[in-house]
Each structure stands twice: as structure tokens, then as C-alpha cells.
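Hi,

Here is the structure I promised to pass on. Have a look at it first, and then read on for what turned up.

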Amino acid sequence: MEETDKNERNSTTTENSNANNEELSSPPPPPPPLPQPIVTKSKVKEEPLKIILPENFKNVEVEKNFSVVPGKPVVYVPFIFTFLKTQNSKLKNNKAIISSKWTIDGENIEKLLNYSPTTISFIPQKEHSGKELVFEIKISPLIIEQENNGGNNSNNKSSNIFSKLFNRSSSNSNNNNNNNNNNGNNNNNNNSNNNNNKEIPIIIEYKHKILFEKSRELLKINEPTNNSINNQYRIVQYNILADCYVSDSWYTNSPSYSLRWNSYRSFMLIEQILQYSADIVGTQEVDRLYWQLFKEMNVRGGYQYFPTYDNIESPSSTMGGFDNRYREGCFIFFKKERFTLLKGLEIDYTKLNREGQTLLKKELVEILIQDPIYKSCITHFLEHSSHHVHHALVLLQDKRTKQRIIVVSKHMYWGSQGYNYHIQCVQIHLFTLILSHFIQVNNLENNIPIVVCGDFNSSPDDSCYNFMTKGLMANDDHHLTLAGKYQPAFDSSQFNNHPEIKSINHNFNFSSAYSSRPNGEPKFTIVSRAFTGNIDQIFVSRDRFKVNNVLELGEKQDYKMLPSLTLASDHILLMTDLELLPPSQSS
């Protein structure tokens with residue numbers, strides 16, 4: 001989620017009371033300002049998580065002086081102990097570690113450690129959640145040697161960082177060379193070493209409980225009609241927070257290291273998704289630099305995805321079919337063993353008024369933009385936006401039943417103060433028109449099962465939600481008309497011969513999966529500095545799906561502020577278990 005004006009979000013249903021008194025014949029307001037390009041703000045620095053032994057610590061104060069990053073080991077995030085601070089240093093493995101002991105709740109975990117020339121690392125797993133990690137490492141004071149590069153290590157100011165602390169100015173090998181070169185001083189040298197250069201071991205002790213996200217209850221809504229797994233589908237919806245929206249200055253509640261994608265957030269977020277083994281995952285704010293997500297979801301999770309992504313082996317500067325100006329977008333992941341991708345559609349609202357677009361019939365677009373509201377939104381704002389205008393739609397076929405299903409991942413517009421809900425009303429209407437056109441041109445049945453996952457950037461009290469669930473939006477809707485600043489949409493007589501748009505409606509019988517809860521919609525799906533509320537949804541065809549379970553969200557105090565050490569996004573993952581119903585059966 002971008003930095004935003006929380007005052008506008010918190011006043012979604014309140015407008016200027018004087019606005020309704022304005023004459024409808026008054027000229028419409030100027031079009032909203034063009035959105036600014038997405039730019040990275042005050043980025044966090046990517047670097048490995050590590051335990052650092054400072055150069056100036058005293059042996060007797062080791063426990064007080066070494067720093068641990070992260071301060072709390074978290075499940076799935078690598079916990080790394082590093083010995084080095086200089087680029088030319090290397091660990092003398094055969095002498096550095098006198099002994100080490102790593103345990104979790106008293107059980108030895110040495111076999112789970114990974115050693116490199118400079119580090120010891122450990123990645124906690126889910127089964128370690130809530131348990132206590134304890135390690136003790138006994139280190140020789142002479143653990144580092146410098147590359148000689150033709151010079152004398154003993155004279156190098158950046159040599160062994162422990163030399164000054166323990167009166168060791170040279171290694172044993174150097175002492176032996178000195179002994180060979182000056183036998184007359186041999187006894188003096190040995191006496192000096194014995195008196196001043198005793199190897200006092202450095203003991204590092206660390207103890208902390210391993211953290212994991214709070215367990216969430218799977219709330220049963222309905223009993224399955226039958227025991228067949230062929231008509232059961234698990235759906236996950238998740239806005240995963242694009243890296244381009246993350247900065248130390250904005251997410252001040254989180255430690256800086258926990259905001260890094262490569263070294264922290266990627267480990268948490270990917271596992272948070274994979275643990276639920278969903279059949280379909282709808283995602284938003286997928287940053288084009290999140291190559292690890294595509295790789296892990298494909299290799300470990302067995303997911304195919306749409307749209308395409310250039311390279312899952314290394315960072316990529318582009319995002320498949322996405323135009324380079326899109327830094328983040330919507331993706332749909334689906335199990336390869338379960339589904340066949342019959343067709344994918346990238347819903348790019350910037351292209352609606354361009355030659356060659358196939359989202360809608362050209363003639364329909366020409367009629368739509370004759371209305372001042374739709375002209376402003378389509379030709380001015382949506383056409384020039386670089387975010388929240390690129391959604392994904394797939395037509396899948398279940399390999400078990402041959403049933404075809406449409407799945408959509410949406411991220412409704414946000415980013416222009418005063419115009420957000422106005423633009424959303426047009427965008428959601430356009431979406432249903434595009435969906436109807438897709439069904440028609442692909443000769444699909446009218447009651448084909450549909451799942452729409454998304455960050456709608458509006459609450460269940462707002463116009464978008466009501467339009468999705470009720471199938472109708474008033475032409476003079478207060479958000480659509482900016483509280484009367486515009487005349488009602490399609491109010492002119494020129495639209496009388498176009499019933500398909502004269503009334504703003506759709507025939508998709510959508511309901512929100514989470515509205516099936518006994519207490520109705522949850523109070524929040526995002527807990528951030530800017531806003532706390534319910535803006536994420538999983539809409540399903542009411543007459544084709546029965547909601548059997550939803551993953552509960554818990555209480556706000558369970559989250560405090562997001563992202564956090566244990567949750568990698570400012571949004572909360574949603575999940576539902578659906579049962580496909582026969583075309584003639586209603587839930």
C-alpha cells in the first residue's frame with residue numbers, strides 16, 4: 001500500500017454537505033491531476049542479516065557489546081553468525097571455533113547448520129515456532145587472517161581485529177619464522193609469548209524464542225455437501241506489499257532489517273503463502289523484482305502463474321507482458337497439477353481508448369467516453385496511470401472435472417486525493433463490461449463459476465462493494481458524481497438507445513466469501529500507519545459456489561501494526577474453501 005491520505009479513507013461516506021446543493025447543470029470540475037510516476041522513497045539498504053562482533057569490545061563485556069540482527073530469530077528467516085567486517089579477511093576454520101553448541105529446547109541442531117568460509121547460518125522451520133534457540137560459540141582470539149598481497153600482515157593496521165585486545169601482534173607461524181631467523185633471541189621470544197600472548201577464548205552466548213505468525217482459526221461456515229475433493233477449491237487472496245512502496249521513513253514501526261525483501265520479507269511471505277497449499281492464489285502489488293516469489297511458487301509450490309514473468313532465476317528488470325513502466329501488478333498463481341490455463345487476459349485500463357485494444361468493442365468505448373464522467377476517467381486519468389490499472393484474468397479448466405472457471409486478481413485505483421472513489425466507480429463498471437465481453441467472445445456459459453480476488457481500496461460500505469454484490473449502481477451515486485459536481489452518468493438523451501450502459505448494472509451474482517461469517521465482514525484486512533479497515537475481498541459466484549470455510553483474522557491487537565517481524569505485508573492474507581455447485585443448485 002502506498003503512502004496515502006488517511007483522512008480521505010476515513011471519510012468514505014461523508015462529502016461536503018454543500019455539494020449536493022450545487023446545480024447539476026454546473027460545468028464539471030477539471031479532470032484529476034495525472035498520477036505521479038512510482039519512485040522509490042528513502043530505500044532500505046539490502047544486506048545480510050548477521051551477528052556482528054564489534055572491533056572495540058572488551059572480552060569481559062562480550063555479552064553487552066555484540067549486536068544481533070535480527071534481534072529476534074523468526075521462522076524461515078536465516079539467522080547468520082558472521083566473523084568478518086573487512087573484505088580481504090577470511091575465516092581460519094581450523095582455528096577459529098574452539099567449540100560450538102546449538103540447541104532448540106535442549107535438542108541439538110548441529111546437523112541443521114550451514115557453514116561457509118565466513119559464516120555459520122541456521123534457518124528456523126515452522127516446527128521450531130515458540131521454542132527457544134540457544135547457542136554458545138567459543139572462539140579463538142586469532143580467528144582472522146588478512147590476505148598478504150605481498151605485505152607484512154603483522155604491520156597491517158587492518159589485520160586481526162583481536163590482536164590489540166589480546167596482545168597478539170603475530171601468528172604462531174610468524175613467531176616460528178622469527179625463531180628460525182634469530183636463534184639467539186629464541187628464549188626471549190618464547191617467554192614473551194607465554195607471558196603476554198595467552199589465547200583467552202571468546203565465548204558468545206545467545207538465547208531467544210523463535211517467533212512465528214499467530215495461528216489463525218479456520219472458521220467453518222458450511223458442511224461439505226459430499227466428500228469428493230474434485231469440487232473443492234481453496235482460494236488465497238493477498239496484497240503482498242510492493243518493494244517500491246517500502247521505506248524506513250514510512251514504516252517506522254518495523255525494524256529496518258525486517259523491511260528488506262531479499263534478506264527478510266521474501267523468506268517470510270513465500271512461506272506464509274505456501275503453508276496453506278491453496279489451489280489458486282490471487283496477489284497484488286507483486287513487484288517486478290520479486291523473482292524469488294515466482295521461483296519458489298513454481299518449484300516448491302507447483303504453481304503456474306499469469307501474466308508471464310521473464311526470469312525466475314535472477315532479478316529481472318521487466319515483468320513479462322507488463323510494460324516497463326509498471327513497477328508492480330496483479331498475478332494469479334494456480335496449481336499446475338490441478339488446472340490447465342485455457343486463456344489469460346491482461347486487463348490494462350490504459351489501453352481502452354487506443355487503437356487495437358480488444359478488452360471492449362471499439363464502438364462501446366466511443367459511446368462511453370461521450371459521458372463527461374467516463375471521458376475524464378478513461379481518457380485522462382486511467383490512460384496515463386502507471387499503477388492500479390493492470391489487472392489479471394485467467395480462464396482455467398479443472399483437469400479432474402473439466403469444469404471451466406474464471407479467476408480475476410484486481411487492485412482498484414488509489415492515489416488521487418478527492419477523486420479515488422469517483423475513479424473506482426468507473427473502473428469497477430468497466431471491469432464488469434470487460435468480463436461480460438470476455439465471456440461472450442470466448443463462447444462461455446453465462447453462469448460460469450467466477451472468483452474475483454482483490455484489494456479494492458474501498459470498504460463494504462462503499463459504492464464498489466455494493467455494485468459487486470447488488471449488481472446495480474445509481475447513475476447519480478454520490479461517489480460517481482463527486483457528490484453532485486457531475487451530472488448523473490449517461491443522463492443525456494443520446495444514451496437512450498444504449499440500454500447496455502444506460503443503466504449501470506451487471507448480471508454476475510457475486511457475494512463476498514467473508515460476508516458468510518456469523519458476524520459478517522471483518523472489521524479490517526489491513527493494519528497500517530495510514531489506515532486500518534476492510535478493503536480486501538474474495539468475491540465468488542453466489543449460485544455456483546458454497547463457502548465452507550474462511551480463515552479468521554483475529555483481533556486488531558494480534559497485529560498491532562503491519563508489516564511486522566512475523567508478517568511481511570501491511571495487508572492480511574485471506575483464504576476460503578469453496579465448494580462448486582451444479583448450475584441448477586443455489587447456495
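Start with helix α6, because 12 of its 14 residues are buried, which leaves this helix largely enclosed by the rest of the structure. Keep in mind as you look that this is a predicted model. The buried set in α6 is W261, S263, Y264, R265, S266, M268, L269, I270, E271, Q272, I273 and L274.

Next, have a look at helix α10 (residues 420–441), starting with its contact with helix α11 (residues 463–470). The two axes come within 9 Å and cross at roughly 25°. An angle under 35 degrees counts as roughly parallel, so that is how α10 and α11 lie to each other. Their crossing is right-handed. On the α10 side you'll find Q424, C425, I428, H429, F431 and T432, and these meet S463, C464, F467 and M468 in α11. Sorted by class, that contact has 6 nonpolar and 4 polar residues, with no charged ones.

How is α9 oriented towards α10? Helix α9 (residues 372–384) packs on α10 at an angle of about 95°, with the axes 10 Å apart. Angles of 65 to 115 degrees count as roughly perpendicular, and therefore α9 is roughly perpendicular to α10. From α9, the residues making this contact are I373, Y374, C377, I378, F381 and L382. From α10 they are H422, I423, V426, Q427, H429 and L430. By class this contact comes to 9 nonpolar and 3 polar residues, and again no charged ones.

Finally, the chain as a whole. It has 12 helices and 28 strands, and 54% of its 587 residues count as buried. Among contacts between residues at least 6 apart in sequence, 79% join residues at least 24 apart.

Over to you, and happy browsing!

Key
Residues numbered from 1 in each chain as written. Predicted model: local features only at pLDDT ≥ 70, side-chain atom pairs only at ≥ 80, totals over all residues. Heavy atoms only, no water. Axes fitted to C-alpha atoms, helices over the stretch in contact; angles between N-to-C directions. Helix = DSSP H or I, 4+ residues; strand = E, 2+ residues; numbered from the N terminus. Parallel < 35°, antiparallel > 145°, perpendicular 65-115°, else oblique. Left-handed = near helix turned anticlockwise from the far one by under 90°. Contact = heavy atoms within 4.5 Å. Nonpolar A, V, L, I, M, F, W, Y, C, P; charged D, E, K, R; others polar. Buried < 20%, exposed > 50% of the residue type's maximum accessible area, 1.4 Å probe, protein only.
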